[in-house]
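Please keep the sequence and the model open while reading this note. The points below can be checked one at a time.

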Amino acid sequence: AEFIKLIVTFADETGEVIVQAEIHELAFCLGAYLIYMFYKPKKNIVFYILLALTLFCFVAAFKRIGIIAIVVALGFAWLLKLIAKLKKDTAMRITIALSVMVVLVLIGYVGIIKLDVFALLEEAGIDTSGRVVIYNAVDKFYEFSPEFLGNGIGFLTYQLSTNMTVGVNAVHNDFLQYFIDLGFWGYIFWLVSITILRVCYFGKKGDVENAILAFVLTLYLVIVSSTDNTMNYPLLTTVLAILMIGNGFDQKVRNTEMKIFGHISDVNKSAEGDSIL
């Protein structure tokens with residue numbers, strides 16, 4: 001009954017059992033697996049059982065931002081996959097261009113916060129879950145300018161936990177936190193490293209599928225981090241890294257063995273395709 005009420009009310013009403021299932025970090029990890037599993041489905045009973053279990057556990061935790069992130073990421077994944085079937089080079093260029101757009105949007109996102117747009121949203125009757133109070137409290141620590149060089153890694157976390165009385169020890173916005181810590185240029189370099197460079201690395205040698213996967217998983221991380229401190233979840237970042245690195249891993253091992261030793265070992269030769277990861 002609680003599970004049904006959770007879905008019907010879109011998480012506005014939750015019971016005692018459902019609250020126990022709402023473990024944020026694990027929920028976001030399951031969301032990453034769902035993206036991968038829907039993007040690269042397998043045709044076997046084990047896969048469908050695991051998919052059903054993963055979907056149930058994710059919905060039980062019901063992170064609304066996670067659901068939005070999955071829908072957006074899969075939308076881009078399937079669109080880029082369709083384009084790749086028609087023309088791989090075009091799909092690769094679009095994927096890189098989208099990564100550049102993500103960087104620009106995230107730079108602008110900090111600028112919007114500095115302009116106090118969230119206060120305007122509150123005045124318009126939109127609930128920002130207290131983020132206006134937090135953003136106003138940390139406003140004095142940064143300027144949205146190329147001249148702002150940052151305060152150093154961990155600065156904002158230290159201020160929130162020791163010198164401030166806003167009632168939280170995280171700003172619940174990883175991008176604002178990294179901007180305050182790293183500064184204008186450091187923030188941009190960091191954004192490029194987790195978006196454009198990552199997509200280009202996994203897409204090297206024309207591997208469009210891996211480039212698309214790296215982009216959509218990064219997009220998922222970006223969306224869930226826009227309203228939370230998800231970048232600080234080591235399990236989530238580890239899961240995303242495994243999914244990016246593990247895609248096509250078996251075939252990469254066989255190719256490497258053939259290149260180095262001139263033959264494929266019996267163990268890897270008998271493997272048919274890739275594992276779920």
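The points cover salt bridges, surface patches and cysteines.

1. Basis. This is a predicted model, in which local features need pLDDT of at least 70 and side-chain atom pairs count only at pLDDT 80 or more, while totals for chains, interfaces and linings use all residues. Residues are numbered from 1 along each chain as its sequence is written, and side-chain values use heavy atoms, with hydrogens and water left out.

2. Salt bridges. Side chains of opposite charge can pair when their charged atoms come close. Here a salt bridge is a side-chain nitrogen of Lys or Arg within 4 Å of a carboxyl oxygen of Asp or Glu. By this rule the model has 2 salt bridges.

3. Lys40 and Glu209. These side chains form a salt bridge, with 3.3 Å from N to O. The pair links distant parts of the chain, 169 residues apart: Lys40 lies in the loop between helix H3 (24–39) and H4, and Glu209 in helix H12 (residues 208–225). Helices are DSSP runs (H or I, at least four residues), numbered from the N terminus. Is Lys40 buried or exposed? Lys40 is buried because its relative accessible area is 15%, and buried means under 20%, exposed over 50%, and partly exposed in between (1.4 Å probe, protein chains only). Glu209, at 35%, is partly exposed.

4. Lys114 and Asp139. In this salt bridge the closest N and O atoms are 3.0 Å apart. This pair also links distant parts of the chain, with Lys114 in helix H6 (residues 88–114) and Asp139 in the loop between helix H8 (131–138) and helix H9 (155–163), 25 residues apart. Asp139 is partly exposed, at 29% relative accessibility.

5. Charged patch. Lys204, Lys205, Lys252 and Lys259 gather in a patch of positive charge on the surface. Patches are made of residues with over 30% relative accessible area and no salt bridge; like charges are joined within 9 Å, and nonpolar side chains (Val, Leu, Ile, Met, Phe, Trp, Tyr) within 5 Å. Lys259 belongs to helix H14 (residues 249–261) and is exposed, at 74%.

6. Nonpolar patch. Ile45, Val46, Tyr48, Ile49, Leu50 and Leu53 make a nonpolar surface patch of about 580 Å². The area comes from the Shrake-Rupley method with a 1.4 Å probe. Val46 is in helix H4 (residues 45–61).

7. Cysteines. How many disulfides (pairs of cysteine sulfur atoms within 2.5 Å) does the structure hold? The count is 0. Cys57 is partly exposed, with a relative accessible area of 38%, and Cys200 is partly exposed at 35%.

Terms used
Lys and Arg count as positive and Asp and Glu as negative; His and the chain ends are not counted. The place of a charge is taken as NZ of Lys, CZ of Arg, CG of Asp or CD of Glu. Helices (H or I, at least four residues) and strands (E, at least two) are DSSP runs, numbered from the N terminus. A disulfide is a pair of cysteine sulfur atoms within 2.5 Å.
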